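Thanks for coming, everyone. I'll keep this brief. Please look at the structure on the screen while I talk.

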Amino acid sequence: MGNSSAFWLGLAVAVAVLAALPALFGLYAAEVGAVFLAYALLGMSLAFIWGYCGILSFGQVAFFGVAGYAFGIIAINATTLTGLTLALLASIAVSTAFAAALGYFMFYGGVRDVYVTILTLVVALVLYTFMGQTAGGEWSVGDARLGGFNGMSGVPDLAVGIGSTGVEIGLLGHYYVTLGALVVTYLGLRALVNSQFGYAMIATREDEDRTAMFGYDTTFIKLVVFTIGGAIAGLGGVLFTTQNNYVDPSVFGITAAALPVVWASVGGRTSLIGTVGAALAIQFVDYRLALSGSEWALVVIGSLLVFVVLVMPEGIAPRLHEYVLESREDADSSPVPPDPPAAAEEVSD
């Protein structure tokens, strides 16, 4: 998908519209929009591992939340520019290492198919339960109090620098940093899935045993893909936490764990851009319903998921792509009308 100038033009227009949102709707739109974009990174991480390698993980929020907590712990204890920069890098490294360790024990332990889904969900719920009981004063790391279900507050804003030289990223800057991270991540994943490694990923998704018979190390392929997905989810978790200056155990909860699956299912798990679009649209609808005081947000999202699974199980973006291709084929195969007969020349007497 996207091998046309029309696609790239549409992508450029979409990025331009997102970039213009703070100017059109003010700083509050930037504050809320940055959270939606962080969610889009989380959704993209699942679309990458599920749609292109067949690994349905219900635990992407585990890496999302672990990175958020790791950033908060380090940043609260080291508030200098150097400390905040190290917190950014270390928190993503922690989520990456966590994904690599979990993936190693799963895939090299022979865990496959639905059991991966169950195990990753269990990991997320274990983290939810554990972090929920960290309310006491003994549950602190230096100056950072985990806070139990009250959450960890006072997380510093994002900043990058060394010593006294650097930049502190404010509200508006954070929005554009998150948008830039989303675009760069999308382009990087797009290049990866269209590479030879991407072909091996899709072959593993379609028939792992046959791909292994051709000499590919499918276990290693799944481990690498799962680790990259964990790193992307961790990046989203850091940007989410620094935007809110707060993180709590709800990021590991069952509702949070289900949302990335909903985004990928509705947008299309084999479409990175479709998943991003679904994440932004669904979270916007959820936000508007919450503002109106409605408690029907989950009902609406669940109904949408059921409708899409029944009517277009491949997702909205792949179905639209298929429709466009069929329209082009119909236009190319339509018969060309014959030329009208030449008018007879008038013959004078």
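Let's begin with one residue. Threonine 218 sits in helix α9, which covers residues 218-244. Keep in mind that this is a predicted model.

Is threonine 218 buried or exposed? It is buried, because its relative accessibility is 5%, and the cut-off for buried is under 20%. What does threonine 218 touch, if we skip residues up to four places away in sequence? The list is Thr204, Glu208, Thr211 and Ala212. With glutamate 208 there is a polar contact between the side chains, at 3.4 Å.

Stay with glutamate 208. It also forms a salt bridge with lysine 222, and the closest N and O atoms are 3.1 Å apart. That pair links distant parts of the chain: glutamate 208 is in helix α8, residues 208-213, and lysine 222 is in helix α9, 14 residues apart. Both glutamate 208 and lysine 222 are buried. And there is a network here: salt bridges link Arg112, Glu208, Asp209 and Lys222.

A quick general point. Side chains of opposite charge can pair when their charged atoms come close.

How many salt bridges does the structure hold? The count is 5. One of them joins the side chains of arginine 205 and glutamate 206, at 2.7 Å from N to O. Arginine 205 counts as partly exposed because its relative accessibility is 29%. Glutamate 206 has a relative accessible area of 55%, so it is exposed.

Another salt bridge pairs arginine 319 with glutamate 314. Their closest N and O atoms are 2.5 Å apart. Arginine 319, at 31% relative accessible area, is therefore partly exposed. Glutamate 314 is partly exposed too, because its relative accessible area is 24%.

Now to the nonpolar side. In soluble globular proteins, nonpolar side chains tend to be buried together. In this model, the largest nonpolar core has 95 residues. Which residues have the most contacts inside it? They are Phe48, Phe71, Phe226 and Leu272. Helix α2, residues 27-53, gives the largest share of this core, with 19 residues.

Let's zoom in on phenylalanine 48. Set aside its neighbours within four places in sequence. Its contacts then include Cys53, Leu189, Leu192, Val193 and Met201. Val225, Ile228, Gly229 and Leu272 are in contact with phenylalanine 48 as well.

That's my tour. Over to you for questions.

Methods
Residues numbered from 1 in each chain as written. Predicted model: local features only at pLDDT ≥ 70, side-chain atom pairs only at ≥ 80, totals over all residues. Heavy atoms only, no water. Helix = DSSP H or I, 4+ residues; strand = E, 2+ residues; numbered from the N terminus. Buried < 20%, exposed > 50% of the residue type's maximum accessible area, 1.4 Å probe, protein only. Polar contact = N/O pair within 3.5 Å; in protein donor to acceptor, adjacent residues only side chain to side chain. Contact = heavy atoms within 4.5 Å. Salt bridge = Lys/Arg side-chain N within 4 Å of Asp/Glu carboxyl O. Core = buried A, V, L, I, M, F, W, Y, C linked by side-chain atoms within 4.5 Å.
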